[in-house]
Amino acid sequence: MDYTKQIQEIASKLFAEGKIDVFVGYRLTGFDENQVPVLIRDQKDVSQLVFNDRSVFNLVNYLKYEHTRNKRVGLVVKGCDSRSLNLLLTESQVKRDKLYVVGIACEGVVDEQGNKMQNCMECVFPDAIVADEMLGTPHEVRKYKVNADIDELASKGLVDRRVYFEEVFENCIRCNACRHSCPLCYCAKCCIDQETATLYNGANTTSGAFHALMTWSLHLAGRCVDCRNCEKACPSHLPLHLLHKWNERVIYENFQEHLAGVHEGDRGAFYKYSMQDPDDFIM
Amino acid sequence: MNVEIFVTDKAGLQKFYEAIIARNETWAPVEKFGKFDFKRVSSLGECDPDSPIATTRSAKPLFFPRSAKIMKYTADSTGTRVKETDEDPFTAKRVILGMKHCDARSLQVLDKVYNWDYIDNDYQKRRQNTVVISTRCDKAETHCFCTSLDYDVENLDAMDVLIVNGTEGKVHITARTEKGDAFLKENLDPASCILHPVSDEELKKQYQAFAASFRLKMNYKEINEKLSKIFDSPEFEDVSANCISCNTCAFVCPTCHCFKISDERVKDTGVRYKSYDSCNNGYFTLMAGGHNPRPVKYRRWRQRALHKFVYYKERFGENLCVGCGKCAVSCPVNISIFEVVNQVASNEVV
Amino acid sequence: MEAVANNQLVSIEKPEIVAPPNWEPVIIGILCNWCSYAGSDLTGTSRIQYPPNIRIIRVPCSSRVDPWFLIKSLQTTADGVLVSGCHPGDCHYISGNYYARRRFLVTKKLLNFVGFHEDRIQFSWVSAAEGPKFAKVVAKVTEDIKKLGPLHLYKKENFEK
């Protein structure tokens with residue numbers, strides 16, 4: 001999977017036609033194979049752009065910063081990224097007519113060690129859903145698979161799970177990198193950042209981390225698209241995907257196979273309801 | 001101070017570590033979720049003091065805890081009462097194993113700010129009660145640039161005891177401070193070592209090999225000088241464009257020392273905490289009236305870069321950066337402060 | 001295990017925590033204004049007895065209950081939480097409890113996943129006419145949580161019971 005040339009051509013064409021102000025893509029770090037997101041503002045810098053299986057970061061995240069706000073933006077999206085973009089469009093955070101989206105029929109990306117990312121192996125929608133232009137050959141429809149880590153953990157006993165997660169919350173340093181790197185966390189002031197916290201818990205303690213991560217994962221329940229930006233950003237390498245994948249599974253199994261952002265105009269699972277929703281856990 | 005170099009082998013070093021762990025409260029790098037971090041250890045099997053991979057987070061939390069209680073209070077109809085907390089987990093006597101040079105150096109840098117207009121007693125206590133044992137790296141990592149900064153890595157006296165791997169499996173143990181000297185007398189079994197004055201040569205050779213392995217080199221004097229003149233450089237806008245303001249760099253940085261105050265209150269009683277904060281955070285400078293002097297990314301990045309290489313240098317005579325590269329390793333979008341300052345400095349405004 | 005042998009009550013999540021003698025659980029009851037709160041009122045005016053372990057908070061609608069109400073309760077005083085609202089179709093705001101139902105399920109499952117016993121968080125539909133049912137619900141929840149023992153997970157640090 002290498003679309004470097006095509007993306008460079010598209011970007012330079014868009015700049016030449018005056019269709020965009022900024023192009024968000026990837027460039028090489030310059031010393032290893034890994035890549036850095038780059039915001040190109042001039043046609044002469046287009047040659048920096050690359051795209052291959054190390055283009056991991058979800059670029060939709062950049063739509064919330066001042067460099068792209070109220071500007072015409074060109075953007076490269078993979079399957080998972082396009083789902084988050086779809087949600088942003090539905091939630092009226094970005095305007096479709098200001099975007100030029102280059103969609104990728106993604107064959108999966110690799111982590112820093114060169115192994116295929118776990119979420120790519122379980123990916124249901126590898127092809128970009130929102131796109132003005134598609135690159136690559138589209139994939140066949142795939143079936144939703146339950147995450148293996150989740151299965152393993154869920155089959156353990158209550159005390160074992162408690163012990164496992166206590167370690168997770170103890171190692172959280174509350175830097176909030178997970179939230180900042182999440183494309184769907186766009187609130188101007190996050191509720192878990194309240195310092196004068198009689199309501200929320202501002203301190204950098206284990207109980208604070210628990211509160212923050214639980215609140216955060218519940219705000220993303222039914223919206224998370226499993227791009228794993230949060231996990232890549234976490235300096236403690238916490239398995240944050242466990243919380244999201246668990247929620248995703250509960251929602252998929254109980255709420256009419258809901259998956260976040262796969263249809264146009266489809267909002268998160270908590271923004272709608274159905275008469276068929278399970279009721280047996282309520283007395 | 002007379003420098004004695006003890007020479008032993010791998011097995012002797014293991015014995016030395018075991019003796020330390022048995023006798024003292026010891027903190028050492030422990031692997032957790034695939035990364036190393038300083039943790040309290042009770043046996044050598046749990047930790048890896050000689051790990052070639054640096055800890056993801058620095059040893060800063062052991063001196064400046066990520067969340068420290070400052071006081072407890074009760075506020076009810078009878079009035080407000082404040083009680084100082086006396087419980088501090090980090091003021092007991094302890095030993096830190098496996099700290100890298102850069103981490104050890106960061107303590108010297110932090111000492112300046114903690115001994116400045118306000119003397120932080122807790123920090124002083126933690127420093128005095130800690131023996132730092134450092135192993136010199138054999139090879140630089142991708143983002144390391146400690147040799148390019150304003151301290152002498154070879155003759156650094158930030159650590160109390162220095163361990164250097166020599167040739168043929170030999171290990172050299174040296175005390176670098178008087179505290180370290182006393183510590184070695186107490187904990188190092190002289191039977192397992194030989195005093196070897198010749199090994200000084202070997203130390204030099206090891207250092208030269210180490211210094212030659214660096215990918216990144218810069219001239220910090222030039223950077224200091226150039227950055228001090230380019231407050232208005234438009235280049236900051238470019239270098240900060242792909243930053244996502246995630247704060248990771250400041251939380252893992254060994255020298256960043258900004259904090260926020262937060263209250264945790266249940267009913268009438270509360271605790272006031274001092275927790276880490278980061279200048280990359282959008283509301284770090286947000287004031288009560290709603291004004292935010294650094295509302296956009298490039299201003300925050302400018303603050304971060306200039307604080308590291310200009311403001312701290314002007315005030316204390318040292319760079320606030322120790323070249324450990326932890327920020328670049330942890331950055332989710334692979335931004336390196338080395339690249340940023342070099343790029344900004346190379347586009348000097350005339 | 002030793003504690004169990006002595007017939008002492010231990011926390012189900014943390015077996016090392018033993019309940020003090022004559023321990024009584026604290027349960028936070030979050031009730032919707034239009035049905036469940038009126039229902040609890042009817043229980044009282046009908047002189048039906050129910051366990052005094054429940055502390056009631058009134059909210060406008062069950063969909064007002066943000067998951068962190070539950071999390072915060074469990075992090076401070078509570079050993080368990082009961083959320084109660086109108087029966088499906090009876091919501092004063094037409095569809096509030098349908099939204100709430102989805103959120104409750106996910107919250108309950110997630111808290112269970114990270115190590116809380118699922119009976120710590122319970123839900124019920126109680127209408128304004130169901131005074132006896134409310135008493136039964138509270139009795140059942142109290143009984144359930146008494147079996148689970150005291151909750152000691154991620155409690156706030158200044159929390160003293």
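Predicted model: local features only at pLDDT ≥ 70, side-chain atom pairs only at ≥ 80, totals over all residues.
In which crossing does α7(A) pass α3(C), left-handed or right-handed?

Residues are numbered from 1 along each chain as its sequence is written, while chains are lettered from A and ligands numbered from 1 in the order in which they are written.

Now to the crossing. Helix α7 (residues 206-219) of chain A packs against helix α3 (residues 67-75) of chain C. Helices here are DSSP runs of H or I with at least four residues, strands are runs of E with at least two, and both are numbered from the N terminus. The angle is about 160°, and the axes lie 10 Å apart. Axes are lines fitted to C-alpha atoms, for helices over the stretch in contact, with angles from 0 to 180 degrees between N-to-C directions. That angle makes α7(A) roughly antiparallel to α3(C). The label applies to angles over 145 degrees; under 35 is roughly parallel, 65 to 115 roughly perpendicular, and the rest oblique. And the crossing is right-handed.

Who meets whom? From α7(A) come A:Ser207, A:His211, A:Met214, A:Thr215 and A:Leu218. Facing them in α3(C) are C:Pro67, C:Trp68, C:Ile71 and C:Gln75. Contact means that C-beta atoms, placed from the backbone, lie within 7 Å. This helix contact has five nonpolar residues, four polar and no charged ones. Ala, Val, Leu, Ile, Met, Phe, Trp, Tyr, Cys and Pro count as nonpolar, Asp, Glu, Lys and Arg as charged, and the others, Gly among them, as polar.

Next, chain C as a whole. It has five helices and four strands. From the N terminus, they run α-β-α-β-α-β-α-β-α. Its C-alpha trace spans about 50 × 35 × 25 Å along its principal axes.

On to chain A. Its domain 1 covers 4-135 and its domain 2 covers 148-271. Such bounds come from an automatic or database domain assignment. The C-alpha centres of these two domains of chain A are 24 Å apart. Between them, 19 residues of domain 1 touch 19 residues of domain 2. Helix α2 (residues 79-90) of chain A gives the most to the domain 1 side, with seven residues. That side has nine nonpolar, seven polar and three charged residues.

Chain B also meets chain A. That contact takes 35 residues from chain B and 38 from chain A. On the chain B side, β11(B) gives the largest share, five residues. By class, the chain B side has 13 nonpolar, 12 polar and 10 charged residues.

Last, chain B itself. It comes to 11 helices and 12 strands. Its C-alpha trace spans about 70 × 65 × 40 Å along the principal axes. Domain 1 of chain B is 5-212, and domain 2 is 220-346. Their C-alpha centres lie 25 Å apart. Here 35 residues of domain 1 contact 30 residues of domain 2. On the domain 1 side, β4 (67-76) and α2 (101-114) of chain B each supply at least two residues. The largest share, 10 residues, is from β4(B). That side divides into 16 nonpolar, seven polar and 12 charged residues.

How values were computed:
Contact = placed C-beta atoms within 7 Å. Left-handed = near helix turned anticlockwise from the far one by under 90°.
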